[in-house]
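Please look over the sequence and the model before reading on.

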Amino acid sequence: MQAIMIDQFGGTEQLKMQTVATPELKPNQVLVHTKSVSVNPIDCKIRSGAFKKFKLPAILGFDVAGTITAVGADVTDYQVGDAVFAETAKSSTYAEEVAVNVKDLAKKPNEITFNEAAALPMASLTAWQAVIDTIQIRPGEKLFINGGAGGVGQMAIQFAHNAGAYVATTASKTNAALLESLGADEVIDYHTDDFRNRLFDYDAVLDLIGGVSLVTSYQILKPGGRLVSLVGKPDANLAKKYEINASHFSSHTDGKLLGEIGDQVVKGRVRVTISKIFEFSQAGVVAAQTLSESGHADGKIVIQFA
């Protein structure tokens, strides 16, 4: 089969199409013939060498949607031909065939496309686990999402809105209308405004940016507020100074939850926004990762297989 791999860390020039063996199935896995995958920021970080201990050579990618072509000996809930989607526990999805653990898998609803299904897993699971499970946002609370235009941000806005929260976020002016349509009550243009001038006594912050904006986020929270960052390690001294609960968050795979989120998409409670679709080729994946690293994608980036 064909797969996009890296043999060493570096720029997008390290992305190479290679012929590799079809994965051997473990008893608790299924083999998925790939229809679509999505690009997540972590894919680019792995390629660049941000995780130096990552084992090479490696196939990149964590999100996949496709059809089952084989099932492991212990698999009972899925069969050949089922349309499925998943976030895999191991980087492996930029490939024509992907082995997926059953616990990470969900059946794809007929009402959503493979491209939409591939755009959901990591972004939606991360957003749900951050906003609903970790922050535990409640009706009437005020949540600030620092960086709302990306895949996780858009999902977080929708989950918080559906939970009854007042949602403020930052984005460029060009993305304001989109984020408002997803449920954002207030969109602050980070090019021209400082969110500290607009937001006060917030209950919670979801930080998707890090750096200086993470540090300044402490200032808008009320005592006892909650701050969760996906990209930076909160400062314990600042948390103590402002009397807030601050933590770093990492998501995990969850096929059952992913299936429930898919049902929410079918019911119209959650919308998938795809920024651009690229073909599965070396040039296509290079272009997709280049767009991802530019920070200018207003939604998910999808790679579609022939």
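The points below cover a cavity and then salt bridges.

This is a predicted model, in which local features need pLDDT of at least 70 and side-chain atom pairs count only at pLDDT 80 or more, while totals for chains, interfaces and linings use all residues. Residues are numbered from 1 along each chain as its sequence is written, and side-chain values use heavy atoms, with hydrogens and water left out.

**Cavity**

- The structure holds one cavity of 30 Å³ or more (a set of points on a 1 Å grid over the protein atoms alone where a 1.4 Å probe fits but cannot get out; lining residues have an atom within 4 Å of a point).
- The volume of the largest cavity is about 50 Å³, taken as the space filled by probe spheres set on the points.
- Its lining consists of Gly151, Gln154, Met155, Val272, Thr273, Gly299 and Lys300.

**Salt bridges**

- The whole structure has nine salt bridges (a side-chain nitrogen of Lys or Arg within 4 Å of a carboxyl oxygen of Asp or Glu).
- Arginine 47 pairs with glutamate 293, with the closest N and O atoms 2.9 Å apart; the two lie 246 residues apart in the chain.
- Arginine 47 is buried at 2% relative accessible area, and glutamate 293 is partly exposed at 43% (buried is under 20%, exposed over 50%, partly exposed in between, with a 1.4 Å probe and protein chains only).
- Aspartate 104 forms a salt bridge with lysine 103 at 3.2 Å between the closest N and O atoms; aspartate 104 is buried at 1%, whereas lysine 103 is exposed at 58%.

Definitions and conventions:
1 Å grid on protein atoms, 1.4 Å probe; cavity = no way out; pocket = protein on both sides within 12 Å on 5 of 7 lines; lining within 4 Å. Helix = DSSP H or I, 4+ residues; strand = E, 2+ residues; numbered from the N terminus.
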